[in-house]
Amino acid sequence: MSTDIKKFKTESPMSGVLRMDRMPHIWCPGCGIGSEVNAFAEAVKRSGIDPKKLVVVSGIGCTGRVAGYVDFDSIHTTHGRAIPVATGIKLANPELTVVVFSGEGDLTGIGGNHLIHAARRNMELVVICNNNFTYGMTGGQVTPTTPSTAIASTTPYGNYEYPFSLPFLVDAAGGTYIARWTSMHARNVTQSIEEALVHKGFSFVEIISPCTTLYLRRNRLGDGVDMLQDYQEKTILKHGCDTRETNIDFQGKIVIGKFVEKRKPTYLEAVDKCAVKLVGDDYELYGKTIPEREAEAKAEKERIAARRAAVLAAEDETGVTKVSAKIPVKSAIKKTTAKAAVKKTTAKVVEKKTTAKVAVKKTTAKVVKKAAPKTTVKAAVKKTAAKPPVKKTRK
């Protein structure tokens, strides 16, 4: 990599996703957070979501620094309050994709109450939890996930508390997408975050990560490379595993995979359903009718699909993923095979041979087709207006 900082900013594949002016980062050598942030940035590019509609929220701790390195709208909140802040953002503007990126101490310690209730409500949030079994920034104290018998600054003779199994906790609380990986499984982490970003509901991705400075050194487990080797040897892949079987013992086996993926109404969908039942068809969320919201959702889905296709096409052509924020949607169309090009040319020739009568019919059909949505919306409005409001009777 070039030592010229300006050249580094322009040539880095992460220049449109991470704030290159803040590099190098402050995380310790061997820490897994850096690779997790890289996987997150790659997932954002591949997911096709609009970077301008993405918000990253972090709490206090080593992982809380993530909010300062991503080149999106971000907030570095107080200790344990990342999820309630993210919930407020999502309620204020449901069109945003809101990601919480923080550590297990912040999310499951002081912020544990917010975690379980966000999962219970099925808030449409993506929670990425870096789990390194310690409070790395404040001295290496024991956390809710520190394995039994492991040494911490507050348990110098070994941890005697029962730790949380985070997949089991979130599953019991009501989460609808739950996965666990280690920082060694970079590609799996990228794929899982990508799935979580487009999932409707509360998504939780746990990433087991080494803390070289405090946890590994205090427990005499070697350095970051030693821990990654340990992850490779001791992880067991079990997709769809019962989350009751995901406990982690000190230096024991680690079950990884995608454990839960299901669909149920999100918090906002439940609010809409309740309001429509009480108020009737006069109810409108943020000034939009139901047909308008459905049309916008369909258009956004098509835009995301086109953007993802553009990113994948750019990867196939160059072998390097380009910055999604700078990739036009039309670039996905440029890559065509010779066979497709021949078909396109043939189609143009056939089209030129059409008679004026056929061309008129085709034009008329297009006009009718364009007018159809207005008719549908108008009919929906008439239908809505025809229904009388629900009258409340006193018992």
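Tutor: Happy to! Let's start with a term we will need: a crossing of two helices is right-handed if the near helix is turned clockwise from the far one by less than a right angle, and left-handed if it is turned anticlockwise. Please keep in mind that this is a predicted model. Among the chain's 15 helices, let's pick helix 2, residues 33-47, and helix 8, residues 186-197. Their axes lie 8 Å apart, and the two pack at an angle of about 50 degrees. As for the handedness, helix 2 passes helix 8 in a right-handed crossing.

Now for the residues that touch. Helix 2 brings Ala39, Phe40, Glu42, Ala43, Val44, Arg46 and Ser47 to the contact, while helix 8 brings Ala186, Val189, Thr190, Ile193, Glu194 and Leu197.

One more detail sits on the way into helix 2. The loop between helix 1 (5-11) and helix 2 contains Pro24, and a cis peptide bond with omega of about 5 degrees joins Met23 to Pro24. For comparison, most peptide bonds are trans.

To place this part in its setting, the chain has 395 residues, and buried residues make up 42% of them. Of the contacts in the chain with a separation of 6 or more, 67% come from residues 24 or more positions apart.

Note on methods. Residues are numbered from 1 along each chain as its sequence is written. This is a predicted model: local features need pLDDT of at least 70, side-chain atom pairs count only at pLDDT 80 or more; totals for chains, interfaces and linings use all residues. Side-chain values use heavy atoms; hydrogens and water are left out. Helices (H or I, at least four residues) and strands (E, at least two) are DSSP runs, numbered from the N terminus. Buried means under 20% relative accessible area, exposed over 50%, partly exposed in between (1.4 Å probe, protein chains only). Contact means heavy atoms within 4.5 Å. Axes are lines fitted to C-alpha atoms, for helices over the stretch in contact, and angles run from 0 to 180 degrees between N-to-C directions.
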